[in-house]
Amino acid sequence: MKNFKDSFADVLFEALDGHLDKQKISLMIEKPKFEHMGDLAFPCFELAKILRKSPQGIAADLAGKNGSPFFEKIEAAGGYVNAFLEKGIVTASVIRQVLTEKEAYGDANLGNGQAITIDLSSPNIAKPFSMGHLRSTVIGNALALISEKCGYRAIRINHLGDWGTQFGKLIVAYKLWGNEEKVKQQPIKELLKLYVQFHEEAEANPELEDMGRQWFKKLEDEDGGALSLWKWFREESLKEFSKIYDLLGIRFDSTNGEAFYNDKMDRVVELLKEKKLLIESDGAQVVQLEDLPPCLIKKKDGTTLYATRDLAAAIYRHETYGSVQSLYVVGNEQSLHFKQLFSVLEKMGFTCAGGLVHIPFGMMLKDGKKMSTRKGKVVLLEEVLHEAISLALEDILKKNPDLPAKEKVARQVGTGAVIFHDLKNFRMNDIEFSLEDMLRFEGETGPYVQYTHARAASLLRKGKFAGSSGDIQLEDPEAWPVVTALMAFPEAVKRAFAEYDPSQIAKYVIELSRAFNKYYASVRFLEESSQKQARLSLAYSVTIVLKEGLRLLGIEAPKEM
RNA sequence: GUCCCAGUAGCUCAGUAGGAUAGAGCAACAGUUUCCUAAACUGUAGGUCGGAGGUUCGAAUCCUUUCUGGGACGCCA
């Protein structure tokens, strides 16, 4: 759409005789609300003041000045100038471009190969992988893929929650009530049970909390017994997590969790002292901040906190990867923490502080409330995924029993539904957990887009589409919305990156699917006609862009389903 | 108490560098398959854009205020 928009801006610029610069004109051009109003529109209300003429009059004047071959007509309507693209030329040009560039269509070289680190997923070990972590995982993965599409080198970091007082508490619970055999059989389940029990008992016996803190102190001091238990918990947890990452098709460049920074925090503390930022407050070490509550660096027992480890991690990442941006895909409820963290880094004179971005997202709620691990109120992601996959398999057996590789496709469709459900809406919205919604395969869903892709792919197979050769002359009026949708892809990619918003891509693929399905219902692709090859070229373009769009969301596009 | 986020159709949400008649999906109702995958398509019905002020030629979109829901606020992460 971009180059045609520029052409329209050129036409208007000429006609306006320097009253507005081209950039401003380009910014003002919008997409009309209805198809009968054309493809591009320019509102003249603002000009009315400058030119001291009625908007209607200005529009009428401008409409007469069409000198571009890309426009069929340019007409005045109310205070608007509406431009209609020359459908034949534009259609051929768009299809040609998609078929030439293939999956590179929509690439934007904004990053020049520079690195962006992305902190995503980051589940806590010894706890189940909950629906809440799903959000960070799929949003972060999509942002990584979108960054790469925009020319950056994405570094996916799974900043495991494997350190902190909670593990002292867990060790206490294990020593008091744990059973080695049981933990070996069902590690996460047993450890969670112990963790929940700890918090229940601690309500009556607050001294348990102190014991927990003491054991964490031992961990930080690398006490052998504490450390070996911790290692065991960590290993078992990672095994569980990797099942989920395999299902989702996600890989990380680093799984260095918080513990990794245990020996890198002294340096940070020294640096803070050097800069005279560290002060004592009620026995703890803190950094005072303007307009924000102080940031706690060390507790009175000398152990570190989340913030301390994040400071060390931010510096380490910048030094190790030379990243120009550092994204933290972490829930909205931690906004204050990141404001404090970035503020402390800035005070330290950390050079990359400007490139640090917290990417918050809304919570997964249960009965309108936050899910709490401490109370054992969690929904397990693995169970949801398996549910989705078996439901997809059921559908396949019903609708396409001859399909080869049923299990594989069921996995693609089931996980596609779950991922898409998470990504299709603006990230900041809280989501009330609903298995029913998550497992829906109709309407604005992942499977709907996958289905559209499979349908188009099937046409290419059955129509023996051999690739496009010669001129593309597509005359079906119903094809036009598909063509304009194809044109809009590069803009959707850029916007998704600029706003760190994968839902832009999700909305885009829905839009393209809808346009194609309407076209599909109105035309017989496989009927022999002069239009057949042109129609199949369009179907091919649609498969390319849908597949690429889904890929950016971390969703696969099977050829059949 | 302070701060952050969100309030748009019965439900879930688009639309928010102000622009033409506020759009989808689900649910409801009525249709479409001798024919390319009906996981689709077509139609009907459904709205004081939480409320009140203000800025503007023009506000769901910007400003102020208020209500509702969620969350965060020193030794958890």
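## Strand pairing, domains and the RNA strand

Strand β11 (residues 364-366) pairs with β12 in the antiparallel sense, over 2 bridges. Here, two strands pair if DSSP finds at least two bridges between them, and helices (H or I, at least four residues) and strands (E, at least two) are DSSP runs numbered from the N terminus. The model is predicted: local features need pLDDT of at least 70 and side-chain atom pairs pLDDT 80 or more, whereas totals for chains, interfaces and linings use all residues. Residues are numbered from 1 along each chain as its sequence is written, chains are lettered from A and ligands numbered from 1 in the order in which they are written, and side-chain values use heavy atoms, without hydrogens and water.

The bridge partner of Lys366 is Lys369 in β12. Together, β12, β11 and β13 form, in that order, an open sheet of 3 strands with mixed pairing. β12 (369-370) and β13 (431-432) stand at its edges with a single partner strand each, so one side of each has no neighbour in the sheet.

Another pair consists of strand β9 (residues 325-329) and strand β10 (residues 356-359), joined in the parallel sense over 4 bridges. From β9 the chain passes through helix α14 (residues 335-347) to β10, a right-handed β-α-β crossover (with the strands pointing away from the viewer, the path from the first strand over the helix to the second runs clockwise). Within this pair, Tyr328 stands opposite His358 in β10.

Chain A is divided into domain 1 (2-85), domain 2 (120-370) and domain 3 (441-553), with bounds from an automatic or database domain assignment. The centres of domain 1 and domain 2, taken over C-alpha atoms, are 54 Å apart.

An unreviewed UniProt entry places the feature "domain: Arginyl tRNA synthetase N-terminal" at residues 6-85; such annotations may be inferred rather than shown by experiment. That span, residues 6-85, is 42% helix and 21% strand, and its end C-alpha atoms lie 12 Å apart. The unreviewed UniProt entry also gives "short sequence motif: 'HIGH' region" for residues 123-133. Residues 123-133 are 27% helix and 0% strand, with end C-alpha atoms 6 Å apart.

Around RNA strand B there are 75 residues, of which Tyr80, Glu258, Tyr451, Lys462 and Arg524 come nearest; a residue is near if one of its heavy atoms lies within 4 Å. Sugar and phosphate make up 65% of the atoms of RNA strand B that come within 4 Å of the protein. Helix α18 (residues 446-462) gives the most to this surface, with 8 residues. By class, the surface has 31 nonpolar, 16 polar and 28 charged residues (Ala, Val, Leu, Ile, Met, Phe, Trp, Tyr, Cys and Pro count as nonpolar, Asp, Glu, Lys and Arg as charged, the others as polar).

| Protein atom | Atom of RNA strand B | Distance |
|---|---|---|
| Lys299, polar side-chain atom | phosphate oxygen | 2.9 Å |
| Arg455, polar side-chain atom | phosphate oxygen | 2.4 Å |
| Met561, polar backbone atom | base oxygen | 2.9 Å |

Terms used: A polar contact is a pair of N or O atoms within 3.5 Å; within protein, one must be able to donate a hydrogen and the other to accept it, and residues adjacent in sequence count only if both atoms are side-chain atoms.
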